[in-house]
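Hello,

Here is the structure I promised to pass on to you. Please open it next to this message and follow along as you read.

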Amino acid sequence: MTDLTGQVALVTGAARGQGRAHALALAAAGADVVVVDVCHDLELAPYPLSRPADLAETAEAVEALDRRVVTVEADVRSQADLDGAVQQALAEFGRLDVLVANAGIWALGALWELTENQWNDMIDVNLSGAWRSIKAVAPTMIAQGSGSIVVTSSVNGLEPGAGMGHYVAAKHGVIGLVRNAAIELGPHNVRCNAVCPGIVDTKMNDWPGSYDFIAGGTGGMPEDRERNAYHWSVLAGRGLLDPASISPAVVFLASDAARDITGVALPVDGGHGVLPGHNPSPVRP
């Protein structure tokens with residue numbers, strides 16, 4: 001029931017990381033794929049973003065699975081860009097069955113120290129970008145009378161995280177957006193769900209500021225990121241999650257195996273959500 005043969009999927013943030021893994025998993029399930037990414041740096045993101053060569057590499061990997069692929073350089077902050085990506089999908093394939101709204105960024109900063117631009121840019125990419133993506137595909141899916149939308153939220157869509165309030169707010173908002181889209185699109189037989197990954201091994205958290213954040217002070221190293229990740233899972237041997245470990249949930253939600261599932265936020269986090277947690281640095285009198 002997870003066979004997607006004959007279907008077409010559009011994936012944002014597909015040049016690398018989770019987006020690439022999802023595009024390949026959808027292709028392996030039989031879908032033709034439209035892969036979308038911004039392919040240049042954004043001021044807010046404190047790490048390099050993808051490049052056109054990364055998007056081309058994703059496309060080559062899809063073609064190696066004997067599926068058709070269209071590449072589109074587009075910014076989820078632009079409705080015109082996303083509408084254009086949908087039009088390219090329809091021009092090439094004549095239909096659009098699946099949206100994986102995966103594009104996102106991560107940055108750090110205390111709430112009271114964030115600038116308005118930092119706050120607004122995070123919301124614009126991670127939350128409004130998901131809304132624009134849904135808006136772009138909805139008319140086509142409504143006209144078809146079918147479709148599945150999967151949006152990437154985060155475990156931080158379900159819980160707070162000190163030092164990332166703008167990210168947490170955006171990812172909480174994604175879940176609200178998904179639930180509302182499920183209500184509004186359900187009468188048209190269009191489903192909308194979210195996945196909530198734990199900490200995944202991508203460029204998003206592989207940079208010096210992230211090492212310091214994870215280490216709890218300056219001088220953090222890549223080893224701190226890798227070692228501390230094991231504390232965030234209840235399952236044995238789970239540290240940083242492989243992007244491909246999130247993809248089966250995406251394919252499931254996209255497919256007829258989940259035909260009666262809509263409006264859910266599905267954690268894929270190694271059991272992180274059931275951990276009781278602790279305060280690693282209590283304030284003492």
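Below is what I found in it, from the whole chain down to single residues.

A word on the ground rules before the findings. This is a predicted model, so to speak of local features I needed pLDDT of at least 70, and side-chain atom pairs count only at pLDDT 80 or more, while totals for chains, interfaces and linings use all residues. Residues are numbered from 1 along each chain as its sequence is written, and side-chain values use heavy atoms, with hydrogens and water left out.

**The chain as a whole**

The protein chain has 8 helices and 7 strands; these are DSSP runs numbered from the N terminus, helices being H or I with at least four residues and strands E with at least two. Along the principal axes, the C-alpha trace spans about 65 × 35 × 35 Å.

Of the 285 residues, 51% are buried. Here buried means under 20% relative accessible area, exposed means over 50%, and partly exposed lies in between, with a 1.4 Å probe and protein chains only. If we take contacts (heavy atoms within 4.5 Å) between residues at least 6 apart in sequence, 72% join residues at least 24 apart.

Val195 sits in strand 6, which covers residues 190-197. With 0% relative accessibility, Val195 counts as buried. Beyond the residues up to four places away in sequence, Val195 touches Val150, Val151, Thr152, Ser153, Ser154, Ala249, Val250, Leu253 and Leu266.

His166 belongs to helix 5 (residues 165-185) and is also buried, at 1% relative accessibility. Leaving out neighbours within four places in sequence, the contacts of His166 include Leu108, Leu111, Trp119, Met122 and Ile123.

**Salt bridges**

How many salt bridges does the structure hold? There are 10, where a salt bridge is a side-chain nitrogen of Lys or Arg within 4 Å of a carboxyl oxygen of Asp or Glu.

- Asp201 and Arg225 meet through their side chains at 2.6 Å, N to O. This pair links distant parts of the chain, 24 residues apart: Asp201 is in the loop between strand 6 and helix 6 (208-215), and Arg225 is in helix 7 (residues 222-228). Asp201 is partly exposed at 39% relative accessible area, whereas Arg225 is buried at 3%.
- Arg227 and Asp224 also pair at 2.6 Å, N to O. Both lie in helix 7, 3 residues apart, which is about one turn of the helix. Arg227 is partly exposed, with a relative accessible area of 46%, and Asp224 counts as buried at 14%.
- Arg132 bridges to Asp124, with the closest N and O atoms 2.5 Å apart. Arg132 is buried, its relative accessible area being 12%.
- Asp32, Arg67 and Arg68 are joined in a network of salt bridges.

Best wishes
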